[in-house]
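Please read it alongside the sequence and coordinates shown here.

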Amino acid sequence: CDYRCTYCMAEEMTFLPRHEVMSLEECLRVASIFVGLGVNKLRITGGEPLVRKDMMWLIERLGVLPGLDNLVLTTNGSQLDRFATPLRAAGVKRINISLDTLRADRFQSITRIGDLNKVLSGSDAARAAGFKRTKLNTVMMRGVNDDEFVDLVSFAIDNELDISFIEEMPLGEIHGRSNTFISSEETRALLAQRYELIPSTENSGGPARYWRIPGRESRIGFISPHSHNFCDTCNRVRITAKGELYPCLGQNDASNLLPILRSGNDDAVRQAIVDSMGIKPFGHD
Ligand code: SAM
Ligand code: SF4
C-alpha cells in the first residue's frame, strides 16, 4: 500500500517476499475457479490494489470472466484519477473509496502519507468515468474524525455517493492503538439529529446495514462487527495476497490455497474451496 493508515498498518512495514505472494496469473486462476463454482461477485481490495504493478492486466481479464456479474473494487483513491476510466472500460461495476476526513491535515495524519486532494480528484474521476453510487468507507474514530460525520454525509449527498461507517477493528499488529472506538449506534444517533434516517432492507450479502434519507439517493451504511453479529447473513469469503482463504475475517481459520494452486491441480483447489465452506462460522464466538 502507498498509505500507512494508523488503524491498519504500522509505519514501518516489512512487505512479503515476492514468491510468497500470489502472482496475477494465480489470482486470475483462483478467481476463475471460484466463479466456476458459482460465485458471481468479486471485490478486489488489499492493501491498495491500484499500486500493484500491472493490476489492469488482471482486472481486464476478470472483467470478461463468464458468470462473474459483479466485479467491484475497494481503493484508497490515491491512483483513481488515472485508473477510473480504464477500470470502467474493463467492466468494474462499482467502487468503494476510503475516506475518513475532509480535512487535508487530518487526512495526512490518519494516512501518515496521503494527499486528500488526490482522493477527491479520484472520486470526481470515478463519477466522470460513469461510475454510479460510488461508496465512501469511513472508519469511525472517537476524538479523530467524529466531529465530521455529519459533514461526510453531506459530502456524500452533494456528490451522489453512498457512505458506510465502519467500527474500528483491532486488525493486524498495530502498536499504540488508542481507545478510539465508537459504535454504529452512537454515530447513527448523532446523524439522526441532523437527518431523518429510515432503515432499509437492502442487503449486499456483506456486513453493511443500510439506512436512507427521505428524498435523497445516498444510502448510509453501518458495518458493525463489534456491536452486531451479522454472520448469519454474510456470504463472503476472503483470499489474501498469500493465497489464504478466510471464510470469515473475524476468525483465524484459513485454508492455504497457494501450495495447491502451485501444484497445478485445479480440481484440488476446487475441493479445498468447497471443504473450507464447512468452517464458515454461523456467528461470532
Ligand atoms: N487500501 C484500500 C482502502 O483503503 O480502501 C483497500 C484495503 S483497506 C484494508 C479496506 C477497508 O478497510 C478500508 O475502508 C479501511 O478503512 C478499512 N480498514 C482498515 N483497517 C481497519 C480497521 N482496523 N478497522 C476497520 N476498518 C479498517
Ligand atoms: Fe492502505 Fe487501505 Fe490499509 Fe490505509 S486502510 S493502510 S489505504 S490498505
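Arg219 counts as buried in this predicted model, because its relative accessibility of 13% falls under the 20% limit. Its salt-bridge partner is Glu202, with 3.2 Å between the closest N and O atoms.

**Glu202 and Arg219**
- Glu202 sits in the loop between strand 6 (198–199) and strand 7 (208–212), and Arg219 sits in strand 8 (residues 219–223), so their contact ties together parts that are 17 residues apart in sequence.
- Glu202 is partly exposed at a relative accessible area of 27%, whereas Arg219 is buried.

**Arg94 and Asp162**
- Arg94 and Asp162 form a salt bridge in which the closest N and O atoms are 2.7 Å apart.
- This pair ties together parts 68 residues apart in sequence, because Arg94 belongs to strand 3 (residues 94–98) and Asp162 to strand 5 (residues 162–167).
- Asp162 is buried, its relative accessible area being 0%.
- Arg94 has a relative accessibility of 21% and counts as partly exposed, since the buried class is limited to values under 20%.

**Salt-bridge network and total**
- Which residues are linked with Arg94 and Asp162 in a network of salt bridges? Arg133, Glu202, Arg212, Glu217 and Arg219 are linked with them.
- Both pairs described above, Glu202 with Arg219 and Arg94 with Asp162, therefore have their residues in this network.
- The count for the model comes to 19 salt bridges.

**Arg29 and Asp266**
- A salt bridge joins the side chains of Arg29 and Asp266, at 2.7 Å from N to O.
- The two residues belong to distant parts of the chain, with Arg29 in helix 1 (residues 24–36) and Asp266 in helix 9 (residues 266–277), 237 residues apart.
- Arg29 is partly exposed, with a relative accessible area of 27%.
- Asp266 is also partly exposed, at 26% relative accessibility.

**Ligand 2**
- The residues surrounding ligand 2 are Cys1, Tyr3, Cys5, Cys8, Met9, Gly47 and Asn76.
- How many residues of each class does the shell around ligand 2 have? The shell has 5 nonpolar residues, 2 polar residues and no charged residues.

Notes: Residues are numbered from 1 along each chain as its sequence is written. Chains are lettered from A and ligands numbered from 1 in the order in which they are written. This is a predicted model: local features need pLDDT of at least 70, side-chain atom pairs count only at pLDDT 80 or more; totals for chains, interfaces and linings use all residues. Side-chain values use heavy atoms; hydrogens and water are left out. A salt bridge is a side-chain nitrogen of Lys or Arg within 4 Å of a carboxyl oxygen of Asp or Glu. Helices (H or I, at least four residues) and strands (E, at least two) are DSSP runs, numbered from the N terminus. Buried means under 20% relative accessible area, exposed over 50%, partly exposed in between (1.4 Å probe, protein chains only). A residue is near a molecule or strand if one of its heavy atoms lies within 4 Å of it. Ala, Val, Leu, Ile, Met, Phe, Trp, Tyr, Cys and Pro count as nonpolar, Asp, Glu, Lys and Arg as charged, and the others, Gly among them, as polar.
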